Amino acid sequence: MERVIEKWQDSISELTLGAAKESGGTRANTVKIGGETGIYFLKGEDACPNPPVIAMEVWDMEPENWTDALKSNFGSALKDPAEWARMCVEKFKADLICLRLASVHPDTKDSSAEEAGKTLEKVLKAVSVPLIIVGSGSHEKDNDVVVRCGEVARGENCLFGIAARENYKTLTAACLSGGHSIISEAPIDINIAKQLNILICDMQFPPEKIVIHHATGALGYGLEYTYSIMERTRLAGLSGDRMLSMPMINFVGQEVWKTKEAKAGDEVASDWGPTRDRGALLETATACSYLNAGADILVMNHPKAVEKTKEIIKDLCNVKN
Amino acid sequence: MFVIGERINGMFKDVAEAVKKKDKEVIRSLAKKQVASGANALDVNVGPSSDNPKEVMEWLVKTIIEAVGDVPLAIDTTKKDVMEAGLSLCRRKPIINSVNANEDKMKPLFALAKKYKASVIGLTTDKSGIPKDSEGRLELAMKIIASAMEHGIDTSDIYIDTVILPVNVAQAHVKEVLKTIRELKVLADPAPKTILGLSNVSQGSQAHLKPLINRTFLAMAIASGLDAAIMDANDKDLLDTAITAELLMERQLYCDSFLDAYRKK
C-alpha cells in the first residue's frame with residue numbers, strides 16, 4: 001500500500017533558549033525547540049528536528065501547599081532556589097529550569113523586584129541550563145519584577161512569562177530590551193491567542209521568539225479542551241498561519257498537583273493506589289497527552305514523572321542512548 | 001488568495017510611456033508598490049503597440065527583478081517567442097499567461113511550461129470564442145486539463161481562468177462564471193486552481209462604479225471557491241474585501257486583527 005505523507009505548507013518556528021558565552025550569555029547548554037515540519041511522532045516523516053524538552057519548576061520560596069509526596073524529593077533544597085535548581089539539573093536531569101517568582105505576590109511575601117533579581121542571579125550562577133522565568137500571577141507586581149529580572153538576565157536569552165491580552169506590554173518591552181523570548185497565553189481561545197501574538201508582534205517583537213501557552217488542564221480537569229486547541233493551533237501553524245506557527249508550552253506539574261487525585265492521602269483514598277506514586281503517575285499521563293498534542297516544553301514537578309516522561313520522549317523520537 | 005498585480009501592462013499609459021523612454025524607475029516603482037500592497041506575483045505585458053515585443057519583455061522582466069527580486073512573474077503574451085524570452089529570465093516559478101483550449105496553442109505553451117517548470121493560466125476560450133454558459137466553459141477547462149496532463153503538467157500547476165466579460169455588455173455571464181468556479185473543484189483530483197482577470201468585469205462601467213463592482217464580484221467569486229485573481233493590488237478596499245471574504249469562508253482563522261494577520265504572512 002502506498003504510504004501517504006502529508007506535505008505541509010509551512011513549518012513551526014525554531015527557537016533557541018539560553019545563550020552561550022559567544023552569544024553574550026553564560027549558559028553551557030542551550031536548548032532548541034520547535035522547527036516541526038509536520039505532526040509529532042509520525043514515524044518515518046522526520047518532521048520534528050528537536051525532541052520536546054522538560055523544564056523543572058523551582059520556586060523562589062518554599063511552596064506552602066505542596067504535598068509531602070512532592071516535597072520529600074527535594075528535602076531542604078526547597079528553602080534555597082539555587083540549591084533546588086542545581087538538584088533538578090544534576091540529579092534529575094532537567095533540560096531547563098523554570099523559576100517561579102511566587103514570593104513577589106502581595107498575598108505571599110510581597111518581596112521586591114530587587115530581591116527577585118537577586119534570586120535570579122543566584123539561580124543563573126548555580127546552573128548552566130537555560131531558564132524560564134514566570135511571575136506570581138499578580139499583573140501589577142509581575143510587571144515591576146519582570147523589568148528588573150529582564151535586566152539581570154540580559155543576554156542569557158531566557159523565556160519569560162506570562163503575557164496575557166490584558167497585560168503584555170511591559171513584559172514584551174522587557175523581553176525586547178533584554179533579548180529574551182516570551183510566553184503568550186490566551187486560555188482556551190485560539191482566536192484570542194492569535195490576536196495576542198499579533199499585538200505582541202506589533203511592538204516589533206519577533207514572532208519566532210514567542211512560545212504559546214493555551215492553558216494546561218490536568219488529566220480529568222479539562223485536558224481535552226487544551227489538547228484539541230493545541231492540535232488546531234499546530235495544524236493552523238503548519239498550514240501557513242504565521243501568528244500561530246510557534247512552539248507550545250504546558251505547565252503540567254502546576255496543574256496536576258492542584259488536583260485532589262494527586263494530593264489526597266492514603267487515609268482518604270486508599271483504593272486509588274498509594275499517594276507516593278499516584279501524583280507522579282498522573283503527572284506522567286498528563287505530560288504524555290500534551291506531547292501528542294504538540295507540546296515543545298513541559299514544565300514539571302515530580303522527579304519520577306520527569307524521568308518517565310523523558311524515557312517516553314526518547315522512545316517516541318527514536319533517540320538512541 | 002493569490003494576488004497577481006495587473007499594473008505592469010503596456011495598455012496603461014504610464015507603462016507604455018516608460019517602455020518608450022526606457023524609464024526603469026517607473027517600472028521599478030510600480031513593481032515595488034504592488035508587492036508592498038500585497039501582490040503575490042506580478043503580471044508583465046508589453047502592451048499592443050510595441051514594435052519589438054521580445055526585447056521589451058526582456059527589459060521589463062529584468063527591470064522588475066532588479067526591483068523586487070524573487071517575486072514570481074506572470075508572463076502575459078500571446079506570442080511564443082516573447083513568452084520564452086520572459087520565462088527564461090525568471091528566477092522563481094513563473095506563470096504562463098495564458099493558453100486557451102486550441103490545440104495549436106496548448107502544445108507549444110505546455111512544452112514551454114515543462115521546460116521552465118512554470119504554472120499555466122488556461123482560458124476557457126477557443127476558436128469559437130467564449131462559451132455562453134457554464135457547461136461550455138467546463139468543457140473547455142477539461143480539454144485544457146487533459147492536454148496539460150498529456151504533457152506531464154501537474155493539475156495543481158494549472159489555473160483555469162473562467163473568463164469574465166464586462167457586466168455592462170454580458171450581464172448573464174457573471175452567474176455562469178461563478179457556477180463554473182464551483183463546479184471545477186469536482187472535475188479533477190487534485191482540482192485545478194481557479195483565477196479571474198477581475199477588472200474585466202467592470203470594463204466600460206463608469207469610473208466611480210468600477211471599484212465597487214470589482215470588490216463585490218471578487219467576494220462572490222471567493223465564496224464560490226476562487227483561488228487567485230489578476231487584479232489591482234493597490235486597491236486597498238479590494239484587497240481588504242478579499243481577505244474578509246476568505247475569513248468568512250474559514251480559509252483563515254479569525255482574530256480581531258485579521259487584516260493585519262493576513263498581511264503579516
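**Exercise 1. Determine the handedness of the crossing of α3(A) and α4(A), and describe the packing.**

Step 1. The crossing of α3(A) and α4(A) is right-handed. A crossing is right-handed if the near helix is turned clockwise from the far one by less than a right angle, left-handed if anticlockwise. Helices are DSSP runs of H or I with at least four residues, strands are runs of E with at least two, and both are numbered from the N terminus.

Step 2. Helix α3 (residues 113-126) and helix α4 (residues 139-152) of chain A pack at about 35°, with axes 8 Å apart. Axes are lines fitted to C-alpha atoms over the stretch in contact, and angles run from 0 to 180 degrees between N-to-C directions.

Step 3. From α3(A), the contact uses A113(A), E114(A), A116(A), G117(A), L120(A) and E121(A). From α4(A) come D144(A), V145(A), R148(A), C149(A) and V152(A). Two residues are in contact if their C-beta atoms, placed from the backbone, lie within 7 Å.

Step 4. By class, these residues are 6 nonpolar, 1 polar and 4 charged. Ala, Val, Leu, Ile, Met, Phe, Trp, Tyr, Cys and Pro count as nonpolar, Asp, Glu, Lys and Arg as charged, and the others, Gly among them, as polar.

The model is predicted: local features need pLDDT of at least 70, side-chain atom pairs count only at pLDDT 80 or more, and totals for chains, interfaces and linings use all residues. Residues are numbered from 1 along each chain as its sequence is written, while chains are lettered from A and ligands numbered from 1 in the order in which they are written.

**Exercise 2. Describe where chain A touches chain B.**

Step 1. Count the residues: 11 of chain A are in contact with 9 of chain B.

Step 2. Find the main element. Helix α6 (residues 190-202) of chain A gives the largest share of the chain A side, 6 residues.

Step 3. Sort by class. The chain A side has 5 nonpolar, 3 polar and 3 charged residues.
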